[in-house]
Amino acid sequence: MMDQKSKEQDFNRVFRTHFDKMVSYISLYTKDGELARNIAQEAFMTLWENMDHVLPGKHVPYVYAVARKKTINEVKRDVIIKRFLEHHRYNMDVLCLETVNRDSLSTIYLKEMRKVMYESMNELKEPVRNTFMHSRFGLKSNSEIAQMQGISEKLVEYRITIALKTIRKNFRRYLETD
């Protein structure tokens, strides 16, 4: 076991001689000077903590081995993060594209359905269209419509049936499955 003064002298000598070289060495792999400095500092901290267990002539190889291991772990971590981000970014791009396509198709589909509905309503004779509009869009009961229009409830039901048949006929191509 070393005394404290010898330990500090050996550490300071190794640190002064090799810290900048180590940062340059690590920078070759990380391509990031700040990260290289942090790894080198961690390697020297590990050396300091283990000075009593490392033979005096082995301090330099030890600190470089620690730095190499920390650099490899950092590069692996960086590769894993990049792969995850690329995968995640790809999935997000696919999801966004699917959403845009789905929303675009939904919008187109909805516009087409509105057009078909509008055309269907225009095909109906005025009394049938009026009765149907009160029933479906005015939310009136058959008896209320009959009373408003001065007709029987049976005629209201008949007009609604005629309107629904016309609408179904026009929507048939959208309702059929392949």
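User: Which hand does the crossing of α1 and α2 have?

Analyst: First, the rule for hand. A crossing is left-handed if the near helix is turned anticlockwise from the far one by less than a right angle, and right-handed if clockwise. Here, in a predicted model, the crossing of α1 and α2 is right-handed. Helices are DSSP runs of H or I with at least four residues, numbered from the N terminus.

User: What should I know about the source of these values?

Analyst: This is a predicted model, where local features need pLDDT of at least 70 and side-chain atom pairs count only at pLDDT 80 or more, while totals for chains, interfaces and linings use all residues. Residues are numbered from 1 along each chain as its sequence is written, and side-chain values use heavy atoms, with hydrogens and water left out.

User: How many helices and strands does the chain have?

Analyst: Six helices and zero strands (strands being DSSP runs of E with at least two residues). Along the sequence the pattern reads α-α-α-α-α-α.

User: At what angle do the axes of α1 and α2 cross?

Analyst: The general idea: two packed helices are described by the angle between their axes and the distance between the axes. Axes are lines fitted to C-alpha atoms, for helices over the stretch in contact, and angles run from 0 to 180 degrees between N-to-C directions. Helix α1 covers residues 4–30 and helix α2 residues 33–49. Their axes come within 8 Å and cross at roughly 150°. That makes α1 roughly antiparallel to α2. The classes are roughly parallel under 35 degrees, roughly antiparallel over 145, roughly perpendicular from 65 to 115, and oblique for the rest.

User: Into which groups do the residues of the contact of α1 with α2 divide?

Analyst: There are 15 nonpolar, six polar and three charged residues. Contact means heavy atoms within 4.5 Å. Ala, Val, Leu, Ile, Met, Phe, Trp, Tyr, Cys and Pro count as nonpolar, Asp, Glu, Lys and Arg as charged, and the others, Gly among them, as polar.

User: Now α4 and α5. At what angle do their axes cross?

Analyst: Roughly 140°, with the axes of α4 (residues 126–136) and α5 (residues 142–149) coming within 10 Å. That makes α4 oblique to α5. This crossing is right-handed. On the α4 side, N130, T131, H134 and S135 make the contact; on the α5 side, I145, M148 and Q149 do. The residues of this contact divide into two nonpolar, five polar and no charged.

User: How many aromatic pairs does the structure hold?

Analyst: A pair of aromatic rings is described by the distance of the centres and the angle of the planes. Rings of Phe, Tyr and Trp (its six-membered ring) pair if their centres lie within 6.5 Å; planes under 30 degrees apart count as stacked, over 60 as edge-to-face and the rest as tilted. The structure holds eight such pairs. Among them, F15 and F44 are edge-to-face, 5.0 Å centre to centre with 75° between the planes. F15 sits in α1 and F44 in α2, 29 residues apart. Ring pairs also link F11, F15, F19, F44 and W48 into a cluster.

User: Which residues is H18 in contact with?

Analyst: Beyond its neighbours within four places in sequence, H18 contacts F44, V60 and Y64. H18 lies in α1 and is buried, with 15% relative accessible area.

User: Is K31 buried or exposed?

Analyst: Exposed, at 70%. K31 lies in the loop between α1 and α2. K31 has a positive phi of about 60° although it is not a glycine.

User: Finally, what percentage of the chain is buried?

Analyst: Buried residues make up 25% of the 178 residues. Of the contacts with a separation of 6 or more, 59% join residues 24 or more positions apart.

Definitions and conventions
Buried < 20%, exposed > 50% of the residue type's maximum accessible area, 1.4 Å probe, protein only.
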